[in-house]
Amino acid sequence: MYRKRIRITLIGENIYDPPVELHDEQLSKPEYRYIDGLQEQLRNSEPETKEVPQNVRVLPVLGLNEVYIGEKLSARVSYYELSVDNGERVKTKSSGLCLSTGTGSTSWQFNINKLTHQAVANLLVAIKQETGLMIDAQNEELINRITNRFNHSLIFSPELSMMAYTIRDPVSVGTLPKPGEMKPRGFANKVEMKSRCFDAALVIDGGLSFKFNDGTLAIFEMHDDDALKTVVLD
């Protein structure tokens, strides 16, 4: 079996700083309650400037399971610009971004997106109320089948050349999500993410943590040459 892995290219300043093990990671900047909102206001007021050539680095480590990108402090909102498969770059606010291979699709990415039986039961009640359909929203067998069907759709083969991306806890304008917003999850061959973060990290397989602060661009891709050949023993 050839397990696909995620190749990561960084463009920007300080991209050659050595990574640290996640368990050794510490906040490099103090916490200020209102600094995130202030930074966002300043960015929106700044005129667009021409980009100058910057350093480019392909990281020597590939993501076998998943890559997480976001603020080190979990309570702080992560600001970034996101592009999927060369699409328009969209300004996004969330608790970070998780990218997963097929190998990692049964782990963190799965648990972020999975539906619980309670959630499915609540949806069936809402569908029944909105449509008038005769749905037995208390039918545990039906709820279990729907829950399992959806959750199984989140898992894909480790040999597929695609990534699953998940925007964790996306913040919508006006509180409630609206049609036409960027999809909070999906599959992609290429993802680009430009950091607008304050004190962020790019973490590979829950181990190595690289700095990913304001202005740094990360490109995530899959290449057949990066696949890991594994042996399955019966």
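In which helix is Thr147 found? Thr147 is found in helix α4, and point 6 returns to this residue.

1. Basis. This is a predicted model, in which local features need pLDDT of at least 70 and side-chain atom pairs count only at pLDDT 80 or more, while totals for chains, interfaces and linings use all residues. Residues are numbered from 1 along each chain as its sequence is written, and side-chain values use heavy atoms, with hydrogens and water left out.

2. Overall make-up. The chain has four helices and 15 strands; helices (H or I, at least four residues) and strands (E, at least two) are DSSP runs, numbered from the N terminus. Buried residues account for 38% of the 234 residues in the chain, where buried means under 20% relative accessible area, exposed over 50%, and partly exposed in between (1.4 Å probe, protein chains only). The accessible surface of the chain is about 14,000 Å², and 53% of that belongs to carbon and sulfur atoms; the areas come from the Shrake-Rupley method with a 1.4 Å probe, and for residues only the protein chains shown count as cover. Of the contacts (heavy atoms within 4.5 Å) in the chain between residues at least 6 apart in sequence, 78% join residues at least 24 apart.

3. Cavity. Searching the whole structure gives one cavity of 30 Å³ or more. On a 1 Å grid over the protein atoms alone, a cavity is a set of points where a 1.4 Å probe fits but cannot get out, and lining residues have an atom within 4 Å of a point. The largest cavity has a volume of about 40 Å³, a volume being the space filled by probe spheres set on the points, with grid points joined across faces, edges and corners. Its lining consists of Gln109, Leu154, Ala164, Tyr165, Thr166, Arg185, Gly186 and Phe187. Strands β9 (163–167) and β10 (185–188) each supply at least two residues of this lining. By class, the lining of the largest cavity has four nonpolar residues, three polar and one charged; Ala, Val, Leu, Ile, Met, Phe, Trp, Tyr, Cys and Pro count as nonpolar, Asp, Glu, Lys and Arg as charged, and the others, Gly among them, as polar.

4. Aromatic pairs. The count comes to two aromatic pairs, under a rule that pairs rings of Phe, Tyr and Trp (its six-membered ring) if their centres lie within 6.5 Å, with planes under 30 degrees apart counted as stacked, over 60 as edge-to-face and the rest as tilted. The rings of Tyr68 and Trp108 have centres 5.2 Å apart and planes at 35 degrees, so this pair is tilted. Tyr68 lies in strand β5 (residues 66–71) and Trp108 in helix α2 (residues 108–113), so the pair ties together parts that are 40 residues apart in sequence. Tyr68 is buried, at 12% relative accessible area, whereas Trp108 is partly exposed at 33%.

5. The other pair. For Phe156 and Phe187 the ring centres are 5.3 Å apart and the planes are at 90 degrees, so the pair is edge-to-face. The pair links distant parts of the chain, 31 residues apart: Phe156 is in the loop between α4 (140–152) and β9, and Phe187 in strand β10. Phe156 is buried at 8% relative accessibility, and Phe187 is partly exposed at 39%. Phe187 also belongs to the lining of the largest cavity.

6. Thr147 is buried, with a relative accessible area of 1%. Its C-alpha atom is 6.7 Å from that of Thr116, 31 residues away in sequence. Not counting residues up to four places away in sequence, Thr147 touches Leu115, Thr116, His117 and Val120. Gly63, in the loop between β4 (55–58) and β5, is buried at 0%. The C-alpha atoms of Gly63 and Ile204 are separated by 5.7 Å, although the two are 141 residues apart along the chain. Leaving aside neighbours within four places in sequence, Gly63 is in contact with Arg5, Ile6, Thr101, Ile204 and Asp205.

7. Chain ends. Thr230 is in the segment after β15 (228–229). Beyond its neighbours within four places in sequence, Thr230 is in contact with Met1 and Arg3.

8. Backbone. Most residues other than glycine have a negative phi. Asn14 has a positive phi, near 60 degrees; Asn14 sits in the loop between β2 (6–12) and β3 (20–21) and is exposed at 53% relative accessibility. Phi of Asn86 is also positive, near 65 degrees. Asn86 is in the loop between β6 (78–84) and β7 (90–94) and is exposed at 58%.

Key:
1 Å grid on protein atoms, 1.4 Å probe; cavity = no way out; pocket = protein on both sides within 12 Å on 5 of 7 lines; lining within 4 Å.
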